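Welcome, and thanks for taking a look at this one. Please open the model below, and then we can walk through it together.

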4 protein chains.
Amino acid sequence: MGEKSINKKNFILEIARDIFCKKGYSRTTMKDVVEACGISRGGVYLYFDNVKDLFEAILDSESSKDEDFGDKIPEDASYSDVLALFVKEKKKQILSKKPSLDVAIYEYYFENKISGKKNFIRNDFDMSLYVLEELIKEGIENGEFYDIDAKAAASNLMYVFEGLKIAARTRGISESTVDEEIMYVMQGIIAED
Amino acid sequence: MGEKSINKKNFILEIARDIFCKKGYSRTTMKDVVEACGISRGGVYLYFDNVKDLFEAILDSESSKDEDFGDKIPEDASYSDVLALFVKEKKKQILSKKPSLDVAIYEYYFENKISGKKNFIRNDFDMSLYVLEELIKEGIENGEFYDIDAKAAASNLMYVFEGLKIAARTRGISESTVDEEIMYVMQGIIAED
Amino acid sequence: MGEKSINKKNFILEIARDIFCKKGYSRTTMKDVVEACGISRGGVYLYFDNVKDLFEAILDSESSKDEDFGDKIPEDASYSDVLALFVKEKKKQILSKKPSLDVAIYEYYFENKISGKKNFIRNDFDMSLYVLEELIKEGIENGEFYDIDAKAAASNLMYVFEGLKIAARTRGISESTVDEEIMYVMQGIIAED
Amino acid sequence: MGEKSINKKNFILEIARDIFCKKGYSRTTMKDVVEACGISRGGVYLYFDNVKDLFEAILDSESSKDEDFGDKIPEDASYSDVLALFVKEKKKQILSKKPSLDVAIYEYYFENKISGKKNFIRNDFDMSLYVLEELIKEGIENGEFYDIDAKAAASNLMYVFEGLKIAARTRGISESTVDEEIMYVMQGIIAED
DNA sequence: TATGAATGAGTCTTCATTCAT
DNA sequence: AATGAATGAAGACTCATTCAT
């Protein structure tokens with residue numbers, strides 16, 4: 001596949017991603033994608049066999065997009081600061097009004113139960129969990145955080161985020177609800193000022 | 001609508017519920033229902049206008065099904081016992097291998113954002129939340145539980161459950177994971193033996 | 001068929017007539033009629049086999065409704081007055097905004113070409129034509145009208161009315177258009193003042 | 001849309017036109033068209049969204065078909081001759097046994113009241129009316145016709161034709177009836193020999 | 001007579017997918 | 001590589017008509 005083809009493939013992926021964000025997984029059709037791309041009916045099939053194939057390619061490319069969380073951390077930040085930053089980012093994602101891929105991803109995994117390593121949700125979760133755990137560990141060592149079970153605390157926070165996210169997507173939640181939940185968990189981690 | 005019709009309607013609801021459990025919301029068609037019911041093409045349309053209408057009728061009937069959590073509580077149970085029972089019930093739901101309506105409900109609300117009072121997910125969540133909060137309050141008064149913010153603790157537990165549930169439905173989680181999460185939260189509530 | 005049945009039959013006819021006026025012939029279904037009548041599905045079939053049968057019964061009952069044009073004529077009216085009255089009546093029908101059976105009748109005869117005596121449109125036309133012809137004849141004898149071919153003049157006027165009616169039903173015409181047409185024809189009949 | 005597509009589109013239009021002529025507007029289904037065209041179920045939908053859309057395309061193409069009435073007029077024809085030719089053409093249309101689009105057009109406008117410029121019936125009528133009016137005017141100037149109100153005479157004739165046409169389509173009329181009507185109107189226009 | 005549940009044929013419409021060019 | 005016309009399966013929905021009660 002030449003460079004031109006790769007560009008085309010990426011072009012389709014980009015357009016399709018938007019559609020999945022807006023319409024979710026099950027309501028997105030190849031027709032939608034073809035029309036949005038403005039290329040021929042057969043053109044999309046040259047690169048992707050069907051909606052599932054296309055969506056999986058999007059998931060793959062999502063995985064490789066490093067969120068570069070690290071980039072946002074100032075040099076002299078305390079562990080509390082970094083944790084706050086991490087949490088703020090999650091909060092932003094949860095409350096975002098912009099259509100995100102979340103819903104489509106959930107739908108995809110409802111239809112395609114995959115427990116193995118290729119599960120994007122698991123990987124994404126585990127990645128965040130790992131970052132969080134390391135962070136808390138270091139904060140504990142440093143004395144900024146209580147001497148708690150870092151893994152368990154990280155895990156608890158992550159599941160709360162997961163719960164808040166699905167709640168936000170299925171019934172809507174207020175910012176204050178998110179804040180309260182975060183506050184509650186954080187109290188158990190950060191020694192009060 | 002005569003008694004016979006009500007029976008038929010309920011019959012359809014029952015069959016359709018099974019299908020929604022197995023296939024989720026978006027993959028269920030009126031054809032599926034018609035065929036599973038073993039009635040004529042137009043037969044289901046006599047009672048329900050379309051898949052959405054049918055699903056909403058199912059949600060309504062779910063709402064009225066009292067879970068009667070209270071029935072399972074022995075007379076002489078301590079608050080810790082009751083809480084344990086509550087948590088056990090949730091755990092069972094989360095880990096259940098039987099297809100449940102959960103996925104279909106999520107899908108339905110992905111497609112139909114309803115923030116008002118009629119939101120089944122919200123109502124269901126709030127109901128459990130209320131029960132849990134009252135329980136913790138009483139446990140605190142009784143001295144069985146730490147003197148914590150009952151509402152916040154209940155809410156934290158509920159979101160963890162929500163997170164565990166969606167995780168279970170999209171990637172699968174082990175019983176030990178659920179146990180660990182529950183344990184972590186419970187430690188903050190129940191004074192250790 | 002008892003009196004009660006006849007009442008029911010007439011009740012259905014009345015309701016159905018309204019529907020045909022509003023929806024025309026081809027867009028009216030037995031379902032419409034059943035629902036509008038508020039009686040059982042089978043109930044209508046007891047009296048009428050299908051839409052066509054029902055419509056034909058309506059046409060029959062229309063035929064027997066004497067328009068009693070004569071009733072509206074004052075004792076001392078001149079032939080010109082009577083003609084003017086006749087024409088005014090036709091004009092009213094043509095311009096009426098109230099949904100009339102006209103469209104349904106046209107549609108019925110598009111589908112069911114009937115050239116014999118039972119053709120409602122023909123009978124209705126011929127009836128009016130006869131009245132008009134007699135009227136003109138008498139007016140001529142009386143010296144009020146020009147000495148023209150009464151039959152031909154009557155026929156011309158009737159076809160103009162027919163043309164105006166179908167024009168009104170398919171594209172709308174203004175009152176002034178109708179007036180102009182009537183004026184033109186009348187000039188050839190009535191000796192000017 | 002390529003040339004091939006345009007051909008296909010025109011092919012469908014042609015076939016569909018025949019069906020509309022034979023079955024009228026309301027009794028024609030997309031299925032009829034699909035089957036008559038010998039193409040696949042979805043094939044027609046590639047070009048037309050539904051029956052209405054298809055019929056409107058036919059009306060458009062009718063509009064552009066110049067009747068080229070002028071072509072039939074011999075060089076040395078008198079105005080009386082031309083008028084006679086015009087009238088003969090109309091008579092032919094009225095009495096034609098070949099199924100024509102007329103009925104479908106009437107039906108279409110019964111269902112779709114359109115008073116604006118896009119009304120085919122109005123345009124068609126006005127076009128003929130204009131030709132007729134000009135013809136009579138010139139005949140008057142030339143001394144062949146009586147010095148009458150050309151516009152009114154033309155209009156009278158057109159409505160008589162309209163009346164005859166709908167009469168022909170709903171109950172049938174004899175050639176002699178048409179002749180008599182034409183005769184009557186013509187007497188008022190053409191100075192007798 | 002009257003009811004209204006049930007049937008099933010008929011139509012519309014959408015899309016995934018193929019394939020000749 | 002790319003096109004886009006064509007296919008046909010799938011599903012939604014409506015109604016005329018019947019029939020057991």
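## Around DNA strand E

Let's begin at the DNA: H3(C) gives the most to the surface near DNA strand E, contributing 4 residues. Helices here are DSSP runs of H or I with at least four residues, strands are E runs of at least two, and both are numbered from the N terminus. A residue is called near a strand or molecule if its C-beta atom, placed from the backbone, lies within 6 Å of it.

A word on the source: this is a predicted model, in which local features need pLDDT of at least 70 and side-chain atom pairs count only at pLDDT 80 or more, while totals for chains, interfaces and linings use all residues. Residues are numbered from 1 along each chain as its sequence is written, and chains are lettered from A and ligands numbered from 1 in the order in which they are written.

There are 38 residues around DNA strand E, and the nearest are A:Thr29, B:Gly42, C:Ser40, C:Gly42 and D:Gly42. At least two residues each come from helix H2 (30-37) and H3 of chain A, helix H1 (3-23) of chain B, helix H1 (3-23) and H3 of chain C, and helix H2 (30-37) of chain D. By class, this surface near DNA strand E holds 12 nonpolar, 16 polar and 10 charged residues. Nonpolar covers Ala, Val, Leu, Ile, Met, Phe, Trp, Tyr, Cys and Pro; charged covers Asp, Glu, Lys and Arg; the others, Gly among them, count as polar.

## Around DNA strand F

DNA strand F is surrounded by 38 residues, with A:Gly42, B:Gly42, C:Thr29, C:Asn50 and D:Gly42 the closest. Elements giving two or more residues to this surface include H1 and helix H3 (41-45) of chain A, helix H2 (30-37) of chain B, and helix H1 (3-23) of chain D. Chain C joins in through helix H2 (30-37) and helix H3 (41-47). The surface near DNA strand F has 12 nonpolar, 16 polar and 10 charged residues.

## Chain A on its own

Chain A has 9 helices and 0 strands, and reads α-α-α-α-α-α-α-α-α along the sequence. Its C-alpha trace spans about 60 × 40 × 30 Å along the principal axes. Of the 193 residues in chain A, 32% are buried, meaning that 20 or more other C-beta atoms, placed from the backbone, lie within 10 Å of the residue's own.

The contact between them takes 11 residues from domain 1 of chain A and 9 from domain 2 of chain A, where contact means C-beta atoms, placed from the backbone, within 7 Å. On the domain 1 side, helix H1 (3-23) and helix H4 (51-64) of chain A each supply at least two residues. That side comprises 5 nonpolar, 3 polar and 3 charged residues.

## Chain pairs

Where chain A meets chain B, each chain gives 30 residues. On chain A, helix H6 (102-111), helix H7 (120-142), helix H8 (150-170) and helix H9 (175-187) each supply at least two residues. H8(A) has the largest share, 12 residues. The chain A side divides into 13 nonpolar, 10 polar and 7 charged residues.

Terms used: Two residues are in contact if their C-beta atoms, placed from the backbone, lie within 7 Å. A residue is buried if 20 or more other C-beta atoms lie within 10 Å of its own, exposed if 12 or fewer, and partly exposed in between; C-beta atoms are placed from the backbone.
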